[in-house]
Amino acid sequence: MIGRYAVQVNGLDCLAITKLDVLDELDQIQVCVAYDLDGERIDHFPSSSEDFARCRPIFKTLPGWQCSTADCRSLVDLPATARSYLRFLAELMEVPIAIVSLGAQRDQTIVVEDPIHGPKRALLSA
């Protein structure tokens, strides 16, 4: 939810997902999809800090992939559940994902879509 808010406030038209590899060991990943505010479900970021302080996150639990992504160099190299996670984030935040980073090395960055020039014909390779 805070991700969608950041997209709206900053006028983002794509995302860079970094450190995807830190999720490699998890069997489940929880993503906040809404908030419970005084017993009412809200699908937007509250406008006041007082309201936000009373919010409780509502999570969607997604399956993890429990394998290393360190050697992945294109989207098709990623485990299917990792690709599903990325699709879920893009849909939730309502913008495409342009870059996925899997580690500190330059070749551990997958360019899905060039954020300046549009979609690439081929994904970043080693």
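Predicted model: local features only at pLDDT ≥ 70, side-chain atom pairs only at ≥ 80, totals over all residues.

Trainee: How many aromatic pairs does the structure hold?

Mentor: A pair of aromatic rings is described by the distance of the centres and the angle of the planes. The structure holds four such pairs. In one of them, Tyr35 and Phe52 lie 5.8 Å apart from centre to centre, with 85 degrees between the planes, an edge-to-face arrangement. Tyr35 belongs to strand β2 (residues 28-37) and Phe52 to helix α2 (residues 49-54), so that distant parts of the chain, 17 residues apart, are linked. Tyr35 counts as buried because its relative accessibility is 7%, whereas Phe52, at 36%, counts as partly exposed.

Trainee: Why is the pair of Trp65 and Tyr85 tilted?

Mentor: The ring centres of Trp65 and Tyr85 are 5.9 Å apart and the planes stand at 50 degrees, so the pair is classed as tilted; edge-to-face would require an angle over 60 degrees. This pair also links distant parts of the chain: Trp65 is in the loop between β4 (55-63) and α3 (80-93), and Tyr85, 20 residues apart from it, is in helix α3. Both residues are buried.

Trainee: Which residues do ring pairs link into a cluster?

Mentor: The cluster consists of Tyr35, Phe45 and Phe52.

Trainee: In what order do the three strands form the open sheet?

Mentor: Strands of a sheet pair through backbone hydrogen bonds, either parallel or antiparallel. Here the order is β3-β2-β4, and the pairing is antiparallel. β3 (40-42) and β4 stand at the edges with a single partner strand each, so one side of each has no neighbour in the sheet. On average, and with direction ignored, neighbouring strands of this sheet are turned by 45 degrees against each other. Nine bridges join β2 and β4, and Cys32 stands opposite Phe59 in β4.

Trainee: Which helix lies across β2 and β4?

Mentor: That helix is α3, which runs at about 20 degrees to β2.

Technical notes:
Residues numbered from 1 in each chain as written. Heavy atoms only, no water. Phe/Tyr/Trp six-rings, centres within 6.5 Å; stacked < 30°, edge-to-face > 60°. Helix = DSSP H or I, 4+ residues; strand = E, 2+ residues; numbered from the N terminus. Buried < 20%, exposed > 50% of the residue type's maximum accessible area, 1.4 Å probe, protein only. Pairing = 2+ DSSP bridges. Axes fitted to C-alpha atoms, helices over the stretch in contact; angles between N-to-C directions. Contact = heavy atoms within 4.5 Å.
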